Amino acid sequence: MIDISETEDFDNGVAYDPFDTAPVRLTVDLGALSENWRDMARRSGGARTAAVVKADAYGLGLEDCGTALYEAGARDFFVAVPQEGATLRTYAPDARIYVLSGIWPGQEDFFFDHDLVPVLASEEQLAFWMSVIADRDDHPCALHVDTGFNRLGLPLEDALALADDVSRPASFSPVLVMSHLHSGDNPSSPLSRVQLEAFQQIAEAFEGIEASLSASAGIFLGSEYHFDLTRPGIAVYGGEAVNGMQPLKPVAKAEARIVQIREAAAGSTVSYGATHQLSRNSRLAVVSAGYADGYLRSLSGSGVPLRAGGTSGAFGFVGNTRVPVLGRVTMDMVIFDITDVPEGDVRVGDYIELFGPNIPLDEAARAGGTIGYELLTSLGLRHERRYIDAND
Ligand SMILES: *Cc1c(COP(=O)(O)O)cnc(C)c1O
């Protein structure tokens, strides 16, 4: 039995910074974020560059990221839903804020009060918007035209007809026509050009109104794809925009604290389902993060369908060493094999990097069968967050 009188004295009078003791924590480098946005703005050439901050700024925090991007110079923002727009309005007082999901009856006061621009994406939304502006002052809107994605947008022919429709109300004042590429991340796809050519017709038909086609990936396809406004998201957050292309600066670092280090004998098994059997005497580090923190169960070292082909799971980073996940990721805990980390280089209480500068976001995502976007937007509520500017 452990005699607790012999354990170390803890000084309970010390005020700890919650970040220094957090079981799971996230560092967001706002300096890198701003630099990445400016980098995408440079790559956008003559086009203006928006910032896409939907889904709580890709999971990294709308308030801090939105403010940093505004300070970096962004004045056009895209959010997915009106509530995100209202939150952002506080930090971006004079910005133009586009709401990608458009507008539903009953939301018009909300859009007017927070000065949000609905991106109209269907006949129903368009008809509703016409009725709204008939009764009120005009208010900017945007038109989303489908050029082959089959997700959101007016059919091409309908959009062209609308451009020529002399009977449309004078107060109908779109400020942007936009579309979205489905395969921009694959530079060898011939389909982006098909979409480009369709969108060129739209941009011409709506001459005098700004046009926007490209998200992060499209910006890399060349200046033809830039039009008047670009809409980068993932590249600004440090994720891979184009398959196989080195991302810009890493922005987010996720870490989990080592709760326990255990010696485990060869032949014993690890985690739920005993799906990993140790082939050597091992040192295991148990960290306090799990799938409830967005460290997906599919990142497991074994025991999940993705590992059926015998591929390895995710790696963490500690003591200058890449360390593999062993067995299944659980809700609040993950077990890493630290046998190969020199003994003095890792201790209980240290943090293992889950992704960040040493384990690229997209490498971790691929191990879980997904993309960096999903790993970022899955970050749970338990991460203690710290916002830094690494250049300061
Ligand atoms: C999410 C989104 C973007 C940003 O895409 P990234 O790939 O993250 O750069 C731009 N436009 C639309 C319509 C989107 O839905």
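The largest nonpolar core holds 111 residues, and Val-53, Leu-60, Leu-69, Phe-77 and Phe-172 have the most contacts inside it. A nonpolar core here is a set of buried Ala, Val, Leu, Ile, Met, Phe, Trp, Tyr and Cys residues joined through side-chain atoms within 4.5 Å. Buried means under 20% relative accessible area, exposed over 50%, and partly exposed in between, with a 1.4 Å probe and protein chains only. This core draws at least three residues from each of domain 1 (44-230) and domain 2 (252-388). A second, separate core has seven residues, including Leu-284, Val-286, Leu-326 and Ile-335.

The model is predicted: local features need pLDDT of at least 70, side-chain atom pairs count only at pLDDT 80 or more, and totals for chains, interfaces and linings use all residues. Residues are numbered from 1 along each chain as its sequence is written, and side-chain values use heavy atoms, with hydrogens and water left out.

Now the whole chain. Of its 392 residues, 50% count as buried. The C-alpha trace spans about 85 × 50 × 35 Å along its principal axes. There are twelve helices and 19 strands. These are DSSP runs numbered from the N terminus: helices are H or I with at least four residues, strands E with at least two. Take contacts (heavy atoms within 4.5 Å) between residues at least 6 apart in sequence: 67% join residues at least 24 apart.

The domain bounds come from an automatic or database domain assignment. The centres of domain 1 and domain 2, taken over C-alpha atoms, are separated by 39 Å. Seven residues of domain 1 are in contact with seven residues of domain 2.

An α-helix has 3.6 residues a turn, so residues three or four places apart point the same way. Leu-69 shows the packing in detail. Leaving out residues up to four places away in sequence, Leu-69 touches Leu-33, Trp-37, Ala-51, Val-53, Ala-74, Phe-77, Val-236 and Tyr-237. After helix 4 comes Gly-73, with a positive phi near 125°.

Next, the pockets. On a 1 Å grid over the protein atoms alone, a pocket is an open set of points where a 1.4 Å probe fits, with protein on both sides within 12 Å along at least five of seven lines; lining residues have an atom within 4 Å of a point. Grid points are joined across faces, edges and corners, and a volume is the space filled by probe spheres set on the points.

The largest pocket contains about 780 Å³ of space. It has 34 lining residues; Lys-54, His-180, Leu-181, Ala-215 and Tyr-373 are the closest to its centre. Domain 1 and domain 2 both give residues to the lining, so the largest pocket lies between them. Helix 3 (54-58), helix 10 (216-219), helix 11 (361-367) and helix 12 (372-377) each supply at least two lining residues. Helix 10 gives the largest share, three residues. By class, this lining has 15 nonpolar, twelve polar and seven charged residues. Ala, Val, Leu, Ile, Met, Phe, Trp, Tyr, Cys and Pro count as nonpolar, Asp, Glu, Lys and Arg as charged, and the others, Gly among them, as polar.

The second largest pocket has a volume of about 240 Å³. Among its 17 lining residues, Gly-238, Pro-247, Pro-250, Pro-360 and Leu-361 are the closest to its centre.
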